[in-house]
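Here are some notes to read alongside the model, written for someone opening it for the first time. Have the 3D view ready and go point by point.

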Amino acid sequence: MGAAAVLSISGLRTEFRTRRGPVAAVDGLDLELPAGETFGLVGESGCGKSVTALSILRLLPRPAGRVAAGSIRFEGEDLLALPEAAMRRIRGNRISMIFQEPMTSLNPVLPVGFQIEEVLRKHRGLSAREARAEVGGLLARVGMPDPQSRLDDYPHQLSGGMRQRAMIAIALACRPALMIADEPTTALDVTIQAQILELISRLQAEFGMSVLLITHDLGVVAETCREAAVMYAGRIVERAAVARLYARPAHPYTVGLFRSLPRAVGRGGKLTPIPGTVPHPAELPPGCAFQERCFQRHAACREDPPWAEVATGHFARCWKPLG
């Protein structure tokens, strides 16, 4: 993997209680994040990406959701074994998160400056006056226009891009070792998306933190990540360096994602959408979960495919990997 891993996930199984019994939204996930790098986790909605993030932070809705098996080690500590009080000291401090919709993540009845101050007082022990003095600098660092005048603004008074910058300031306040960015540009227009991605890349390099970038957009991954994993129906189906993933995708699902990407098809080319939708976790077929949507399915797909190295550092879970 190169750099040492800041986060190591092994055999993670996250279940939700339903009328049909326990259903696994994440099933047997293994993942390592290199320290000081931006790593992409890609897949359609419903693949289990956000559930993975919530599992890391132990923020699953309870009592419906629970981690049923596996380990999540952060800087050598198993997060799943920590008492809740110890986890609270890590959450928002050593590990922070940017949620995909800041309007629902920010408290609508508190000024954004106060919400950032809370993080500084709780985790860094600053006084109210010290925290207030630092917030303006944080907002300036994340590119907030006229930052001092925004301290007392409420979330509804800010544009979508400003709200996302405020969320990044909160995530950055304690200089975390790991920042999880869950679809951080989904609700923004293209120009603001580019600004936010550039900001995350600059801050990652400036602070040397690791970033787990969760997205459905392969274009975003190409611009920000050195390495990425593709997720489908709760499992990692491919992992490689981004340059290799773009040049020689090995899993049919990854190929399908590229064929659905306008920039990959080019002018005059024809988009080829992946047929169907991600199956419900309670209705997965036996064997490969992608088989019913796959352009090269065959009899062996009824058995669980192996996780195999198709080239140096390039892995895929498929009976007939491409590339």
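1. Some ground rules. Two strands count as paired if DSSP finds at least two bridges between them. Helices (H or I, at least four residues) and strands (E, at least two) are DSSP runs, numbered from the N terminus. This is a predicted model, so local features need pLDDT of at least 70 and side-chain atom pairs count only at pLDDT 80 or more, while totals for chains, interfaces and linings use all residues. Residues are numbered from 1 along each chain as its sequence is written, and side-chain values use heavy atoms, with hydrogens and water left out.

2. Start with strand 12 (residues 314-317). Strand 10 (residues 235-241) runs antiparallel to strand 12 and is joined to it by 2 bridges; here Glu238 sits opposite Ala316. Strand 11 (residues 307-311) is antiparallel to strand 12 too, with 4 bridges, and Glu309 faces Phe315. The hairpin of strands 11 and 12 has 2 residues between the strands, and Gly313 in that hairpin has a positive phi near 75°.

3. Now look at the open sheet of 4 strands, which pair antiparallel in the order 2-1-4-5. Strand 2 (21-34) and strand 5 (77-78) are the edge strands, each with a single partner, so one side of each has no neighbour in the sheet. Strand 4 (residues 65-74) and strand 5 are joined by 2 bridges, and Phe74 has Glu77 as its bridge partner.

4. Helix 1 goes with that sheet. It lies across strand 1 (5-18), strand 2 and strand 4, at about 110° to strand 1 (contact means heavy atoms within 4.5 Å; axes are lines fitted to C-alpha atoms, for helices over the stretch in contact, and angles run from 0 to 180 degrees between N-to-C directions). How many residues of helix 1 (residues 49-57) are buried? The count is 7 of the 9, so helix 1 is largely enclosed by the rest of the structure. Buried here means under 20% relative accessible area, with exposed over 50% and partly exposed in between (1.4 Å probe, protein chains only). Among the buried ones are Lys49, Val51 and Leu57. Just past helix 1, Arg58 has a positive phi of about 55°.

5. On a 1 Å grid over the protein atoms alone, a cavity is a set of points where a 1.4 Å probe fits but cannot get out; a pocket is an open set with protein on both sides within 12 Å along at least five of seven lines, and lining residues have an atom within 4 Å of a point. Grid points are joined across faces, edges and corners, and a volume is the space filled by probe spheres set on the points.

6. The largest pocket has a volume of about 540 Å³. Its lining has 21 residues, with Arg91, Gly92, Phe99, Val119 and Ile170 nearest the centre. Helix 4 (112-124), helix 7 (160-172) and strand 6 (95-98) each supply at least two lining residues, and helix 4 gives the most, with 5.

7. Finally, the structure has 2 cavities of 30 Å³ or more. The largest cavity holds about 80 Å³ and is lined by 13 residues, of which Cys288, Cys294, Cys301, Cys318 and Trp319 lie nearest its centre. The second largest cavity has a volume of about 40 Å³, and its lining includes Ala24, Gly46 and Pro279.
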